[in-house]
Amino acid sequence: MSTTPQLGRPDRNLALELVRTTEAAALAAARLIGMGDKIAADQAAVDAMRIVLDTVQMDGLVVIGEGEKDEAPMLYNGEQIGDGSEPSVDIAVDPLEGTTLTAKGMPSALSVIAMSPRGTMFDPGPCVYMSKLAGGGDIADLLDLDRPMADTLALVADRRDVDIRDLTVVVLDRPRHEDGIKAIRDAGARVRLIADGDVSAALLAASPRSPVDLLWGVGGTPEGVISAAALKSMGGGLVTRLYPRDDAERQAALDYAKANPGYDLDKQMTQDDLVKSDDCVFSATGVTDGDVLQGVRYQGRRSATTESLVMRSRSGTTRRILATHNRDKLRSYSGERYG
């Protein structure tokens, strides 16, 4: 790829275009907060994001989407999006990270999207899950999935000059994590369990002045790639390893690796392996209130507010955008999705 910034690379204006897509998805999904229907909430977010993505000037390829073509009506893996003009980019989307959180009215649901130049985003292949360990940039060199967590926690405590009892690790509340949770607690650190949403948790672990020091555990591979774009932009650290769920998925991954050099079940991958570009963009908009972002707020019948994070790795810029939306104007082109 040319080193000339304007050729084949997302420019600053395009980065700001992406926030419109996550705002749209968040506004649509928010109408279904607490309604108990996660499928409808997810579909609303997908539909709204797709409407706005069609207007963005780019030749986009969905690398991380809502599933294969026969499983998702829109934003499927391999779909072409944008108006077809330059730049050519890879896209990773999760229109509603936290479908269950939204359906139950729980905190920390987000709409997220990431973008990097074409051919630079990791394709998860058959593996749906990966092991993850994430934290701030000051401890990125200490992250190692092969080291016992007790040892890593001791190193982090020493680096940050705190007692190990002051450290908090955020973990998805899943049966598969029971042994790891016990190891963290036995080492003296605290555990913060979350129901869903490990992109939000990765942002929290890497953020300065955060109540969380590390993210640990097995979570979605697509969310890992999206998190990598975010952490590259904000200067955090991430190590991952593919995690086949069973023998059949392991064999499928081994077969996939034969045709895709670099796809390795044993390798620890960093954010730079998952997004092989120094010019990636990440945008997230809050759906429900959380530690990272405020959720959608309705201001009477005619307006709503959103809070978003837009980050770009090449410039190191992080923007926090609080936007007010006219609900009547949104309805004029989107029907009742936003209203």
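What covers the buried residues of H4? Included are strand S5 (129–135), strand S6 (168–172), helix H5 (178–186) and strand S8 (214–220). Helices (H or I, at least four residues) and strands (E, at least two) are DSSP runs, numbered from the N terminus.

Before selecting anything, note that this is a predicted model, in which local features need pLDDT of at least 70, side-chain atom pairs count only at pLDDT 80 or more, and totals for chains, interfaces and linings use all residues. Residues are numbered from 1 along each chain as its sequence is written, and side-chain values use heavy atoms, with hydrogens and water left out.

**Stop 1: helix H4**

Select residues 149–160. H4 has 12 residues and reaches 16 Å from its first C-alpha to its last, close to the 16 Å expected at 1.5 Å a residue; the expected span is 1.5 Å times one less than the number of residues. Colour Met-149, Thr-152, Leu-153, Val-156 and Ala-157, which are buried. Buried means under 20% relative accessible area, exposed over 50%, and partly exposed in between (1.4 Å probe, protein chains only). Viewed down the axis of H4, the buried residues fall within an arc of 135 degrees, so they line one face of the helix. The arc is taken from the directions from the helix axis to the C-beta atoms. Just after H4, select Asp-161, which takes a positive phi of about 55 degrees.

**Stop 2: the longer annotated set**

Next, select Glu-97, Gly-98, Thr-99, Tyr-129, Arg-174, Pro-175, Arg-176, Asp-196, Gly-197, Asp-198 and Gly-220, which an unreviewed UniProt entry annotates as "binding site". UniProt positions are given in the numbering used here, feature names are shortened, and annotations may be inferred rather than shown by experiment. Of these residues, the lining of the largest pocket includes Glu-97, Gly-98, Thr-99, Tyr-129, Arg-174, Arg-176, Asp-196, Gly-197, Asp-198 and Gly-220. On a 1 Å grid over the protein atoms alone, a pocket is an open set of points where a 1.4 Å probe fits, with protein on both sides within 12 Å along at least five of seven lines; lining residues have an atom within 4 Å of a point.

Centre on Glu-97, in strand S3 (residues 88–97). Glu-97 is buried, at a relative accessible area of 3%. Not counting residues up to four places away in sequence, Glu-97 touches several residues, among them Ser-108, Gly-197, Asp-198 and Glu-223. Contact means heavy atoms within 4.5 Å.

**Stop 3**

Asp-42 sits in helix H2 (residues 38–53) and is buried, at 19%. Apart from neighbours within four places in sequence, Asp-42 is in contact with Glu-66, Leu-96 and Thr-99. Glu-66 is in the loop between strand S1 (59–64) and strand S2 (80–81), and is partly exposed at 22% relative accessibility.

**Stop 3: Val-287**

Move to the loop between strand S11 (281–286) and strand S12 (297–299), where Val-287 is found. Val-287 is buried, at 0% relative accessibility. Leaving aside neighbours within four places in sequence, its contacts include Ala-26, Ile-33, Leu-96 and Val-296.
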